[in-house]
Amino acid sequence: MATETTTENTIEVLDHGFVRLDDAMADDLSVVNGARVSFARRKTELDESDEALIRFLMRDRHGSPFEHNAFRFHIRCPIFVAREWMRHRVGSFNEFSLRYAKATDDFYVPEPEDVRTQVGKPGAYSFEPVDPELAQRTREELEAAYEQAYGTYERLVEAGVARELARSVLPVGAYTQFYWTVNARSLMNFVSLRNSEFAQREIRRYAEAVEAFFAARMPVTYAAFVANERVAP
Ligand SMILES: Cc1cc2nc3c(=O)[nH]c(=O)nc-3n(C[C@H](O)[C@H](O)[C@H](O)COP(=O)(O)OP(=O)(O)OC[C@H]3O[C@@H](n4cnc5c(N)ncnc54)[C@H](O)[C@@H]3O)c2cc1C
């Protein structure tokens, strides 16, 4: 994993980003009690029969008992990652506003080993490393473009142009931040699709971080998800 835990609840991702678990109301018991209410039964401690129940629900795709919990994340990522993320409609988002606040000058510059070329056809690309010279040139060209874009943005804002318009010049490598609240069922769908070899490398790093928080809070559910070949119920 290309992630590093900095504090108990924050995992740093990419060069200026993070996933921070702001709060969670999430444990394996919520799944069990959501399912057992069908029989007017409620547990306060998880036992082996509950673990078996979770595995059964996952395997047979009884999905709704996995919805009685919530993870609230605070995320900082490049705009292109946020665009992919916000395609996941089942969940709630609030994002940093470039109408109301001034943009920062943090932009995504990949590490040299993350500069890659794509080989093959759409839908079946593989991504291969480039030689060190091209990796370095890519980084430098990105930095130069970011500097120019941000300089233009600042000049326009200082000249009195509204932030909502001046932001047009900012590239998708600019960092944004947002809150995301999601239940375990939708989180598993996200992780299944985005911590996958088919997902773009950058969002995959974020999905790895989300997955780590999920695994820590709901270990039995997580193990069942993995045993079910990472298919969300
Ligand atoms: C590798 C990859 C490449 C992608 N490429 C593209 C691309 O080129 N262009 C593009 O536009 N998108 C692309 N996407 C986005 C993708 O099509 C989905 O929009 C995104 O992954 C969200 O998935 P989801 O709909 O399952 O999640 P959510 O929106 O969170 O929905 C969760 C689940 O709820 C149900 N659901 C939600 N809304 C509806 C609905 N309206 N009708 C019926 N069921 C619903 C579905 O079962 C869905 O799986 C890509 C995603 C991946 C992972």
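Author: Before we look at this predicted model, one term is needed: a residue is called buried when its relative accessible area is under 20%.

Reader: What share of the contacts comes from residues 24 or more positions apart?

Author: Counting the contacts in the chain with a separation of 6 or more, residues 24 or more positions apart account for 72%.

Reader: Switching topic, how many positive and negative side chains are there?

Author: There are 29 positive and 37 negative side chains, and the centres of these two sets lie 7 Å apart.

Reader: Now the ligand: which residues are around it?

Author: The residues around the ligand are Arg87, His88, Arg89, Val90, Asn189, Leu193, Arg194 and Phe198.

Reader: Where do Arg87 and Asn189 lie relative to the ligand?

Author: A polar side-chain atom of Arg87 lies 2.6 Å from an oxygen atom of the ligand, while for Asn189 a polar side-chain atom lies 2.9 Å from a ligand oxygen atom.

Reader: What about Val90, which part of that residue is involved?

Author: For Val90 the atom concerned is a backbone N or O atom, which lies 3.1 Å from an oxygen atom of the ligand.

Reader: How much of the ligand does the protein cover?

Author: On its own the ligand has 930 Å² of accessible area, and the protein covers 43% of that.

How values were computed: Residues numbered from 1 in each chain as written. Predicted model: local features only at pLDDT ≥ 70, side-chain atom pairs only at ≥ 80, totals over all residues. Heavy atoms only, no water. Contact = heavy atoms within 4.5 Å. Lys, Arg positive; Asp, Glu negative; His and termini not counted. Charge placed at Lys NZ, Arg CZ, Asp CG, Glu CD. Near = heavy atom within 4 Å. Polar contact = N/O pair within 3.5 Å; in protein donor to acceptor, adjacent residues only side chain to side chain. Areas by Shrake-Rupley, 256 points an atom, 1.4 Å probe, with all protein chains shown as cover.
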